[in-house]
Every structure is written in C-alpha cells, then in structure tokens.
Amino acid sequence: MATLVSHPDEVKIVSRRFGMGATNIDRYLELDGYKAVQKALAMGPDAIINEMKASNLRGRGGAGFPTGMKWSFVPKQSAKPKYVLCNGDESEPGTCKDRLIFEHDPHAVIEGVMIAAIAVGAHKGYIYIRGEYRYLLDIMQKAIADAYAKGFLGKNIFGSGYDLDIYWHGGAGAYEVGEESALMESLEGKRGVPRIRPPFPAVVGLWGGPTVINNAETLASVPHVIMMGGEAYANVGVPRNGGTRLFCLSGHVERPGVYELPLGYNLKKLIYEVGGGIANGNKLKAVVPGGSSVPCLTAEEIDVALDFDSMMKAGTMLGSGGVVVIDDKTCIVKFAVRTIQFYQHESCGWCIPCREGTDWLKKTLNRFHAGGGVAKDIDNLRYLAENMLGRTFCPLGDAAAMPVIGFVKKFREEFEAHLDGRPCPFEKHPAASPLAVLSH
Ligand SMILES: Cc1cc2nc3c(=O)[nH]c(=O)nc-3n(C[C@H](O)[C@H](O)[C@H](O)COP(=O)(O)O)c2cc1C
Ligand code: SF4
C-alpha cells in the first residue's frame, strides 16, 4: 500500500476521498458518492457530453485527447452493443496514480464508467486493471459487488429504466495491452497486439461494437465534472487544459509521491517546492516529465507549465503524469540503457522497426556504456531512433525512440565521455545514487 503525501498547493478533486475509507460503499455515499450518476441520469446524454466538452478534461492516459469530444464520436444508433472500457493497465514507468484511485476510491471509477455509459448509450462497462495489481483487483471486485447489492448496477438503475452491468478484468502483465486496441484484443481473450486504425474504437471497438475507452484517472474525474459543472472544472486548470492531474513525482527528490495539482502548475515549483528539491544536496541534471517515453528536459528547461500544450511547445509531452527527476550523479547513458531495456522487453515484436530497432538500440547502448563505444555510434543511435519514429504499427516504437533521441541530443558530451574504452565516469563516483522510481 502506498503512503499518501500532501502539499498546500494541491487542489484535491480526484484525490479528495483518499485516506477517508471510501472503499466502503456506505462511506462513499456519505462523501456524496453516486450523486453525480443520478444527476447525469436526469441530465441525459447530450447535456452530459456538453458538460464534458465545457470541462476541457483531456485524457489522463497519455495522449491528452479531449474526453467530451471522444464521447461525441460514438454513434447514437448502433446495431451492435456499445461498451465503455476503463484502462487501468498503468504500466508506464514512473506512473503510479491509477493504483491510488483503485485503492482509495474505486467507486469513483465505477461512477465514472456509469456516467460515460449513460452519455454514449452503453449498457456494459469493463474495468481492466493491470494484473500485477492483484490486491486492487480484490478491492474492485468487492466495490462492484457492493454496487450491485445496493441496486446501483444491473436492471433499472436508480429507478431510471436504464440497465447497466459492469465487470472487472485483470491483465496478464504486458505494457502493450495499455494501448487501447491491444487492450480490447486482450479483453476478448486474444493475444494483446494492437489493431489497425481506422476504424477507431468509438465506431468499431470491443467485439466490433462502438466503444469508449478512457484512462482510470479520466473516468474518476468525470463524477466531479458533473457535480462541479464543466465550466467550474475547466477554470481550475488553464485554457484548453481543464482541472487537475495526479503528478507522480519520483527519482532524486526529497519528497517523492503523488500530488494533485492544477493543470498548468510550474514544473520547477513541483520539483523544488512540492518535492522539496533534489535529494542529498545534489544538483538537478534532467527531468523525464511524462512517464519514461518522452524526451527529457535539462535543468535549464524546467521553468515550464505542466499542461499538454506547454509541454508540447517545450519539445516534450505531459504523457502519463510520471515526473522522473534525475540528479547530477546519474549517468545519462546508463539511464538510457535502463529505459531501452524496458521497451525492448515490452515490444510485442509484431513490426520490424520496433522489434529490431529496440534490440539494436539496447545492444548499442549496452556496449557503449560498457566502454566499447566508437564515435560513430552516437550519431548512429540518433539515426536509428529517428528512423523508428512514425514507422511502427502502434506508438510503442515512438515511445522507445523519443527518450533516446532526447538523451543523445541533450547530453552528447556524456556519451562522448564514454568513448575509447574509458570507464563510465559516474560509476566511480562514491555518491552515485540509485534511482528511486516509484512504480518499477
Ligand atoms: C504502448 C502504450 C501503452 C499504453 N498504456 C496505457 C496505460 O497503461 N493506461 C492508459 O490509460 N493508457 C495507456 N495508453 C494510452 C491508450 O492507448 C489510450 O490512449 C488511453 O487509454 C485513452 O484514455 P484517455 O483518453 O482517458 O487518456 C498506452 C498507449 C500505448 C501506445
Ligand atoms: S510498435 Fe512495437 S509494440 Fe507496437 S505493434 Fe509494433 S512491435 Fe508491437
């Protein structure tokens, strides 16, 4: 079980019930639970979607797609059943927020799925949780059973005439099934590899039916949007980026943890004020700001707002909200080795640029870090990674290439310091500190 942290700058919306015993359905009801879904039933689908659009809530799974717009793509009429899926696979290194939601507020996820289902006319929802989160599967199983026992799920929910069933499902342990189309394959009992798009899930998704798939944090935010009103929720953040995010601050900071802050919060403040600065009196070298699959920022580049648009302008991405802080005693080449090991291991192997590219990057970086690098390897690494970009079947290839390009581009001198059989300059440093990445 994760320890909860807090800071005065936090705006607790999604985390408002953390630590308050809300896994118990009666306690959840005392804390205004299941009010939003009743309000949503009275509002009806069009009004719900309009409220979601007004909220500027953007997907918390990584890509930041506007949630209301996604829901509006689902056709009103469909010969096949429609579905809502909650993506709780949470496998991105440095990301450990969805687990807190499942642990402390599972009914908020159920309520979010219910509201999404009412909005798009779905009568079945699935909550897919990373298989390694075994203890969270138990929590969710009980929460769903308790909701059925109260009559909140099943036939005629809240006397509205609307029928809705929700199921939970555990993954089998693959990063790739977090990708939405691979998740649907996995849920259908097949090997978790992605599907060709178009068609997109909103039109042809689970078992061929129109499907909304959203991240767990996105869905847990939905009841709050409905209760607060879209505009009020939007005003918590910055233009085009409504509300708050659970930022997972890890690595070399004094106070790592998951903090809920408004979109647009300054990254430097997150590290130095919320996180208490760099641990052990060391200096900041770099930050990987959106889970491990985005280009890093250097210490000089961190005076930037944490919202989807500002991060894009800064040449990186907000991604999954995992902020990994790297101090000046850390070898960037070694960090790159560790990053690519993960992607090479998790590549599903289906397409060549990703399968071969991640393997070549891993082999080259390993050899390089071990002192066997030659000067042309540095440009080759970048060339190889750049040639993976946009050429793979799903974004995992990009996710593997982007951090490597960033490291080579921004820390070339560190790569050069490993040339000509020289030992890693950081390995001999007595204060070399291991990375305390929270989720892996
Ligand atoms: C390789 C890969 C892994 C992903 N893993 C996750 C994940 O663990 N959780 C998640 O919510 N989204 C993940 N995504 C993003 C999903 O494909 C999808 O965009 C997201 O679930 C949509 O929800 P949102 O709009 O609420 O963000 C992943 C994407 C890729 C390419
Ligand atoms: S990019 Fe990688 S993970 Fe995605 S389909 Fe291709 S081989 Fe599989």
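Predicted model: local features only at pLDDT ≥ 70, side-chain atom pairs only at ≥ 80, totals over all residues.
Biologist: Which residues are the closest to ligand 2, and how many surround it?

Modeller: A shell of 13 residues surrounds ligand 2, and the closest are Cys-348, Trp-350, Cys-351, Cys-354 and Cys-394.

Biologist: Let us turn to a helix. What span does helix H9 reach from its first C-alpha to its last, and what is expected?

Modeller: Helix H9, which runs over residues 216-228 and has 13 residues, reaches 19 Å from its first C-alpha to its last, and this is close to the 18 Å expected at 1.5 Å a residue.

Biologist: Where in H9 does a kink lie?

Modeller: The kink, of about 25 degrees, lies at Val-222, shortly before the proline Pro-223. Both Val-222 and Pro-223 are buried, and H9 as a whole is mostly covered, with 11 of its 13 residues buried.

Biologist: How far apart are Lys-39 and Met-227, in sequence and in space?

Modeller: The two are 188 residues apart in sequence, yet their C-alpha atoms are 7.9 Å apart in space. Lys-39 belongs to helix H2, which covers residues 35-43.

Biologist: Why is Lys-39 called partly exposed?

Modeller: The label applies to values between the cut-offs for buried, under 20%, and exposed, over 50%. Lys-39 is partly exposed because its relative accessible area is 36%.

Biologist: Now the backbone. Which peptide bond involving Arg-197 is cis?

Modeller: The bond from Arg-197 to Pro-198 is cis, with omega near -5 degrees, and a cis peptide bond also joins Pro-198 and Pro-199, where omega is about 5 degrees. Pro-198 has its place in the loop between helix H8 (180-187) and strand E4 (211-215), and Pro-199 lies in the loop between H8 and E4 as well.

Biologist: Is Tyr-34 buried or exposed?

Modeller: Tyr-34 counts as buried because its relative accessible area is 0%, whereas Arg-240 is exposed, with a relative accessible area of 53%.

Notes
Residues numbered from 1 in each chain as written. Chains lettered and ligands numbered in written order. Heavy atoms only, no water. Near = heavy atom within 4 Å. Helix = DSSP H or I, 4+ residues; strand = E, 2+ residues; numbered from the N terminus. Expected span 1.5 Å × (residues − 1). Bend = angle between axes of the 7 residues up to and from the residue. Buried < 20%, exposed > 50% of the residue type's maximum accessible area, 1.4 Å probe, protein only.
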